[in-house]
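Morning, everyone. Please have the sequence and the model open for this one. I'll keep it short.

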Number of protein chains: 2
Amino acid sequence: MTRPTNDTFLRALLREPVEYTPIWLMRQAGRYLPEYNETRRRAGSFLDLCKTPQLACEATLQPLARFDLDAAILFSDILTVPDAMGLGLYFAEGEGPRFERPLRSEWEIRDLTAPDPNVHLRYVMDAVAEIRRALNHSLPLIGFSGSPWTLACYMVEGGSSADYRLVKTMLYDRPDLLHRILDVTTTAVTDYLNAQIESGVQAVMIFDSWGGALSHAAYREFSLSYMERIVAGLKKSHGGERVPSIVFTKGGGQWLEAIAAIGCDAVGLDWTTDLGEARQRIGHRVALQGNLDPMALFASPQQVAAEACRVLDSFGAGSGHVFNLGHGISQFTPPEHVTALVDAVHSHSRRGSGN
Amino acid sequence: MTRPTNDTFLRALLREPVEYTPIWLMRQAGRYLPEYNETRRRAGSFLDLCKTPQLACEATLQPLARFDLDAAILFSDILTVPDAMGLGLYFAEGEGPRFERPLRSEWEIRDLTAPDPNVHLRYVMDAVAEIRRALNHSLPLIGFSGSPWTLACYMVEGGSSADYRLVKTMLYDRPDLLHRILDVTTTAVTDYLNAQIESGVQAVMIFDSWGGALSHAAYREFSLSYMERIVAGLKKSHGGERVPSIVFTKGGGQWLEAIAAIGCDAVGLDWTTDLGEARQRIGHRVALQGNLDPMALFASPQQVAAEACRVLDSFGAGSGHVFNLGHGISQFTPPEHVTALVDAVHSHSRRGSGN
């Protein structure tokens, strides 16, 4: 196996020299693209789209046809793992993800087992293989999973939550039960990401979307330590090529040093952290990914470009930066502003400040 | 004017010696108390409750009758100022605060003026005076306001927002308009807090509930600089007594050094920041207020006490700590768990670790 023709993203993650700062966007395949909405209509539902490899491949490729992005990311959902554990994922219209059978009783938690990703998540592995064929070595493909803590939030709450009351009651009152959920989920996520790597993804990212809701002490005990176990259990290379890992805790800026120490190759940052200060804090231990405020894409294309340059300049010269938003792109984003962003990142960083 | 009989809270804010760590709770008068719900029913609506000094006084005193708290806080809403500016505050059932006339056009923003608090917010000043009479020098009374940025979020969005899209579009595209809103609101908040001080509040707190949604650079430009102007414009004493100020940016842990430098006496922290590390970072510049996760109150009373001790121990010995939650108390909190919390904070800190 060889690196893709455009390997700038992989080089930046490994802090090898690059000609410009690579860019991709969290949720780059999604509702802000009319062609995505058309594919989703054809699929019938979001979950059918995720579970049909041909359609997941189609959605994955759509943003690459429009924008000069430097990586593809598997189109899927972070909740496929608990779904494969038997919790029954569904999407209530306008309400976000829900589980038919959230974890509420001790025996349900004791009975939890890690699924075999090559059986219960076969559709994801088939999508990865199909996307790799379609990409034909042009661009790297990113695989991903939710973090154990983030998955546990959904598994216990049964869906999104404003205050995480149920899962945090468990955390403070029955930490043994929460650790049991996290332990099984950690095994499941490790197996899942390794199966994605074997199916062809060339980098992996762990999304810890709700880590920032934890106290400093609880973050280390209930989120970071499990991500550390996953990173330690990941296949470090496939087909002779390194498979870099990215860890992203939204709201984790205060804990950057601790996150950078768990063995991952890169840390994702939301827009609340200054990239230059982050770089000073972590030195050369990891690459950094981020961190434009997704709402900056609602300004004029000229202002979008100016904000992109600010992010590049805050990181400064040298490799080790992957440009991204600080969170998923909003469904209301005008696609032509994304064009302005990608062009600004490439041209400004080629001029020298970004690498 | 003299200090209240129990002045532990004021002494801690000013880093004077204390016998134990004082405690009060954000939103301590509220829906988790059955007696509050009864008062609210009698008032007719939340806004009528805020606007009727006698009922606001009743609600303010309720938690003090139940719990051995060390401060009272004026019962009111952070959105009284924009309401007095003519935006028409109302509460849609189950939907939170909304404005009838959010700021959407340039001429509305140009026309904005700061209200006279002694005229348009007379009901707040009357409530302060009534509460002071009722407290009869037993406990200090805290006054408060929302921060200009947080108020601007509501004024532009027209209510709560998941992504702050409208106000951030203004921030990135028309910063001049947002600065105009923040400028007028800063004058209004300064006048409002000074009127509260003249009416009898003995400490003031600025709630920057949404500051943590900003990028590091935007936080300084659009939130912190305006809070700095307010703090500089506050009456520093009244009746011969110092009136300490507290600034609380939820999600502002990364910016602690900058917040501690704006001239306030204390900084409020949410639960994501370790108090001991915070103290190391800011030295002796300010007192710290916080920071138990409000969800910890859903554990058993024994666990609640254990978590309270962890917070006290993380601050360590010496004055300068006001115990609080890291955010407002949840409406679902069992009141008897609050009793356990207050008792644990007082008894553990008297034993020496918390002061």
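Asn291(B) sits in strand β10 of chain B, residues 287–292. Helices here are DSSP runs of H or I with at least four residues, strands are runs of E with at least two, and both are numbered from the N terminus. A cis peptide bond links Gly290(B) to Asn291(B), with omega about -10°. Now chain A: Gly290(A) and Asn291(A) are also joined by a cis peptide bond, and omega is about 0°. Asn291(A) is in strand β10 of chain A, residues 287–292. For context, most peptide bonds are trans.

Some ground rules. This is a predicted model: local features need pLDDT of at least 70, side-chain atom pairs count only at pLDDT 80 or more, and totals for chains, interfaces and linings use all residues. Residues are numbered from 1 along each chain as its sequence is written, while chains are lettered from A and ligands numbered from 1 in the order in which they are written.

Back to β10(B). Which sheet does it belong to? An open sheet of seven strands in chain B, ordered β1-β4-β5-β8-β9-β10-β11, with parallel pairing. Two strands pair if DSSP finds at least two bridges between them. In general, strands of a sheet pair through backbone hydrogen bonds. At the edges stand β1 (72–73) and β11 (321–325) of chain B; each has a single partner strand, so one side of each lacks a neighbour in the sheet.

Look at the partners of β10(B). Strand β9 of chain B, residues 266–268, pairs with β10(B) in the parallel sense over three bridges. There, Ala266(B) is opposite Ala287(B). The pairing of β10(B) with β11(B) is parallel too, over five bridges. Gly290(B), from our cis bond, stands opposite Phe323(B) in β11(B). How does the chain get from β10(B) to β11(B)? Through helix α15 of chain B, residues 301–315, in a right-handed β-α-β crossover. Right-handed means that, with the strands pointing away from the viewer, the path from the first strand over the helix to the second runs clockwise.

Is β11(B) covered or open? Mostly covered: five of its five residues are buried. Buried means 20 or more other C-beta atoms within 10 Å of a residue's own; exposed means 12 or fewer; partly exposed is in between; C-beta atoms are placed from the backbone. His321(B), Phe323(B) and Leu325(B) cover one side, Val322(B) and Asn324(B) the other.

Next, a helix. α4 of chain B, residues 53–66, has 14 residues and reaches 21 Å from first C-alpha to last, close to the 20 Å expected at 1.5 Å a residue. That expected span is 1.5 Å times one less than the number of residues. Its buried residues include Leu55(B), Cys57(B) and Pro63(B).

Arg27(A) has phi near 65°, a positive value in a residue other than glycine. Most residues other than glycine have a negative phi. Arg27(A) is in the loop between α1 (8–13) and α2 (34–43) of chain A. Why does Arg27(A) count as partly exposed? Because it has 18 C-beta neighbours inside 10 Å.

Last, the two chains together. 26 residues of chain A are in contact with 26 residues of chain B. Contact means C-beta atoms, placed from the backbone, within 7 Å. On the chain A side, α10(A) gives the most, with five residues.

Technical notes: Contact = placed C-beta atoms within 7 Å.
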